[in-house]
Amino acid sequence: MSEELHKLSINVTSNQSLASSCANNTIPDYQLDLLPAFYSFIFIFGFIGNSLVISVICLQGDIKTVASIYILNLAVADMLFLMTLPFWATYYAFGLNWMFGAVMCKISSSLLTLNIFASIFFISCMSVDRYLAIVYPLRSQRRTVAHAIFVAFIIWALAIMSTLPTFYFRNTYYIKNLDVYACIMDFPKEEYSSWCVAMALLKITLGFCFPTTVILTCYTMIGLHLKKTKGSMLNKKTRDRVLKIVTSIVVCFLICWLPFHVLTFLDVLTRMQIINDCRIEIFVEAAMPLSICLGFSNSCINPLLYCFVGNQFRENFRHVFSSIKLLQSTNSHHNSSKRGSDSKEPELNGTYENSKV
């Protein structure tokens with residue numbers, strides 16, 4: 001992702017030979033106006049939605065199942081990414097000028113890349129968990145929250161390791177053509193294209209193809225299993241409820257991120273000169289910002305899925321909301337009672353003093 005943001009903003013630097021003979025060397029004005037607005041929209045709604053998800057799971061004490069552990073971590077991964085969007089919105093609003101220093105350039109880009117890996121990894125774990133729970137219900141009872149926490153720790157470690165190249169190479173760089181300090185991937189000049197290809201293939205294979213294969217395999221096996229077996233209505237209702245929300249998360253993730261990874265792969269083919277068609281290069285360059293926006297929107301879609309698809313989440317949300325209203329009502333009643341007792345004190349004291357006279 002960080003290289004694609006870089007390509008979107010710095011196609012004009014000659015020092016790093018980014019621009020090809022048929023690439024567009026200017027940034028359309030509509031992108032500088034549209035992207036900040038879109039990023040701000042995603043940040044506001046995504047922050048509110050994921051905050052509600054994290055609050056409901058934690059306040060309701062619903063961290064008792066393997067699925068809830070993965071959903072909570074997925075929401076945390078989205079929140080970490082969303083915290084960087086104000087920086088990127090400002091970056092584009094000020095004409096691709098990074099004003100927050102090299103350290104924040106590295107951190108913002110790394111959190112962005114971290115979200116790509118962590119999200120698909122946790123969705124893969126949710127799919128495997130559903131597969132085990134449905135196909136092997138008795139054996140899957142051995143799964144515990146402690147096991148899920150350990151798996152989550154491994155996922156975060158793997159996602160962080162996958163993000164290290166972004167953290168190392170991302171830096172601010174002065175672009176004379178634009179007269180700005182841009183936040184770019186500062187690969188070695190002599191091997192710039194090779195590094196771009198390597199990073200892109202890492203994202204495509206580890207961050208999409210392999211996890212997607214795991215996910216599709218799990219759901220294929222689940223579908224075959226459900227055709228063969230029939231359970232009780234209660235178990236079927238519970239199973240279908242959880243399966244519905246996990247399936248929705250997976251489908252939305254694929255819809256949001258598939259165009260980005262397809263365009264990234266086409267960019268790899270052009271850099272490797274396997275494709276030498278200017279129309280493909282121009283198409284990739286024009287469509288990449290839209291695919292990035294579509295991918296970013298996934299972080300504010302997930303909370304909507306929990307709300308509209310997950311009945312249990314709606315029930316928990318209503319319970320937490322009712323508890324907060326009850327607590328506020330109790331505090332208000334307590335304060336009003338205290339004010340009432342305080343107002344009576346002077347009168348009582350005055351009566352007592354008068355009685356002494």
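These legends describe close-up views of one predicted model. Local features need pLDDT of at least 70, side-chain atom pairs count only at pLDDT 80 or more, and totals for chains, interfaces and linings use all residues. Residues are numbered from 1 along each chain as its sequence is written, and side-chain values use heavy atoms, with hydrogens and water left out.

View 1. Helices (H or I, at least four residues) and strands (E, at least two) are DSSP runs, numbered from the N terminus. Along the sequence the order is α-α-α-α-α-α-β-β-α-α-α-α. Of the 357 residues, 45% are buried (under 20% relative accessible area; exposed is over 50%, partly exposed in between; 1.4 Å probe, protein chains only). Among contacts (heavy atoms within 4.5 Å) with a separation of 6 or more, 79% join residues 24 or more positions apart.

**View 2. Helices α3 and α5 pack against each other.** Helix α3 covers residues 66-82, and α5 covers residues 101-135. Their angle is about 165 degrees, and their axes are 9 Å apart. Axes are lines fitted to C-alpha atoms, for helices over the stretch in contact, and angles run from 0 to 180 degrees between N-to-C directions. The two helices are therefore roughly antiparallel (over 145 degrees; under 35 is roughly parallel, 65 to 115 roughly perpendicular, the rest oblique). Their crossing is left-handed, that is, the near helix is turned anticlockwise from the far one by less than a right angle. Residues in the contact include Tyr70, Leu74 and Phe81 of α3 and Leu111, Phe122 and Met126 of α5. By class, the contact of α3 with α5 has 16 nonpolar, three polar and three charged residues. Ala, Val, Leu, Ile, Met, Phe, Trp, Tyr, Cys and Pro count as nonpolar, Asp, Glu, Lys and Arg as charged, and the others, Gly among them, as polar.

**View 3. Helices α6 and α7 form another packed pair.** Helix α6 spans residues 145-169 and α7 spans residues 192-228. The angle is about 150 degrees, with axes 10 Å apart. That makes α6 roughly antiparallel to α7. This crossing, too, is left-handed. Ser162, Pro165, Thr166 and Phe169 of α6 meet Trp195, Met199, Leu202 and Leu206 of α7. Six of these residues are nonpolar, two are polar and none is charged.

**View 4. The largest nonpolar core holds 73 residues.** Such a core is a set of buried Ala, Val, Leu, Ile, Met, Phe, Trp, Tyr and Cys residues joined through side-chain atoms within 4.5 Å. Tyr39, Tyr70, Tyr91, Trp257 and Phe296 touch the most other members. Helix α5 gives the largest share, 15 residues. Another core, of six residues, lies apart and includes Phe169 and Phe187.

**View 5. Val180 sits in strand β2, residues 180-185.** Val180 is buried, at 6% relative accessibility. Not counting residues up to four places away in sequence, Val180 touches Gly95, Leu96, Asn97, Tyr173, Tyr174 and Ile175. Its C-alpha atom is 9.3 Å from that of Phe94, 86 residues away along the chain.

**View 6. Leu96 and Gln273 have positive phi values.** Most residues other than glycine have a negative phi. For Leu96, phi is near 65 degrees. Leu96 lies in the loop between α4 (85-93) and α5, and is buried at 2% relative accessible area. For Gln273, phi is near 60 degrees. Gln273 lies in the loop between α8 (233-271) and α9 (278-309), and is exposed at 59%.
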